[in-house]
Amino acid sequence: MKVLYFTGTGNCLSVAKRFDAELLSIPQMIKNNIYEIEDDVVGIVYPVYAISIPDIVRKYLSQCKIKANYVFVIATYGFTDCGALHEMKKLLEANGNKADYYASLLMVDNYLPFFDIETQMAKLKEKNIENNLNKIVEEVNARTTKEEICSWFNKIASSIGYSVVKQIEKYTPKMFYVNNKCICCGICKKVCPVSNITQEEKDKPIFGNNCESCLACIHNCSKNAIHIKTQRSEKRFRNSNVSLNEIIESNNIKFNN
Ligand SMILES: Cc1cc2nc3c(=O)[nH]c(=O)nc-3n(C[C@H](O)[C@H](O)[C@H](O)COP(=O)(O)O)c2cc1C
Ligand code: SF4
Ligand code: SF4
């Protein structure tokens, strides 16, 4: 079994880790130019962004050929997945791929402009993540077939939602503010999946124009020094089953570990 995943704060990696599989980080697949994935079973785990699919996942899967007897898709989200699974189905089919099983999993919402992490952590119990994830893992291991089911409203919302949000909210360098707590440790540039951060030695990080808006740099900063004006929370999040090194190994496409 192979599982393709993309993660900013570890939720998707924590899900991918639950399978007895070779884990394939999408940024690393792009870096190594691997666009053919073949195995008996292949999984795809991605976070819902703007009720749809992150650009990096979209771009990769629009070129990747998946050859497997059973393909499963899991979207993690924090508030509403809307038609994000339907978007994935369309994306896969447009490139000649198909999945046998679709599920979404409500987890901690890491999107700081809309949610504060304190409230999210307080909701952990009611989100019932462990039980819901166990059920998904059981179904996949039993090779269950499950279609994505989505209302026509959600289909329309997700098909236009992402491009609209992308236009309104662009993560330009001006969005980020790095305060004096920064110790120039270089972690932010190593967790960036698109190498959008550069840093001269003993200098604060510099953000480029290629941001994926994953918030990995902000949530994983060792000193909580990176902020955005729209943040609803000072508190940061990384899934407790995932280490900082695992995020770096997943996303670092350029710098020495
Ligand atoms: C840019 C961005 C957009 C997001 N949009 C949504 C959304 O539309 N709906 C939702 O429920 N969660 C949304 N989220 C929350 C993530 O989908 C959720 O926290 C996910 O589990 C994060 O996975 P990760 O920890 O593997 O990065 C968004 C997060 C980010 C960073
Ligand atoms: S991770 Fe935080 S402390 Fe380290 S260089 Fe980046 S901004 Fe500075
Ligand atoms: S700059 Fe930060 S938010 Fe943007 S892609 Fe890199 S890690 Fe993600």
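Visitor: By class, how many nonpolar, polar and charged residues does the shell around ligand 3 have?
Guide: This is a predicted model, in which local features need pLDDT of at least 70, side-chain atom pairs count only at pLDDT 80 or more, and totals for chains, interfaces and linings use all residues. Residues are numbered from 1 along each chain as its sequence is written, chains are lettered from A and ligands numbered from 1 in the order in which they are written, and side-chain values use heavy atoms, with hydrogens and water left out. Ligand 3 is surrounded by residues including Cys-192, Phe-207, Glu-212 and Cys-217, where a residue is near if one of its heavy atoms lies within 4 Å. With Ala, Val, Leu, Ile, Met, Phe, Trp, Tyr, Cys and Pro as nonpolar, Asp, Glu, Lys and Arg as charged, and the others, Gly among them, as polar, the shell has nine nonpolar, two polar and one charged.

Visitor: Which residues of helix α11 are buried?
Guide: Helices (H or I, at least four residues) and strands (E, at least two) are DSSP runs, numbered from the N terminus. Buried means under 20% relative accessible area, exposed over 50%, and partly exposed in between (1.4 Å probe, protein chains only). Asn-245 and Glu-249 are exposed on the other side of α11. The buried residues of α11 (residues 244-251) are Ile-247, Ile-248, Ser-250 and Asn-251.

Visitor: Why do the buried residues of α11 line one face of the helix?
Guide: The directions that matter run from the helix axis to the C-beta atoms. Seen down the axis of α11, the buried residues line one face because they fall within an arc of 165°.

Visitor: How many residues apart in sequence are the parts tied together by Arg-18 and Glu-130?
Guide: A salt bridge is a side-chain nitrogen of Lys or Arg within 4 Å of a carboxyl oxygen of Asp or Glu, and the side chains of Arg-18 and Glu-130 meet in one at 2.7 Å, N to O. Arg-18 lies in the loop between α1 (11-16) and β2 (22-25) and Glu-130 in helix α7 (residues 129-141), so the parts tied together are apart in sequence by 112 residues.

Visitor: Is Asp-100 buried or exposed?
Guide: The side chain of Asp-100 meets that of Lys-98 in a salt bridge (3.1 Å, N to O). Lys-98 is exposed, at 52%. Asp-100 has 15% relative accessibility, so it counts as buried.
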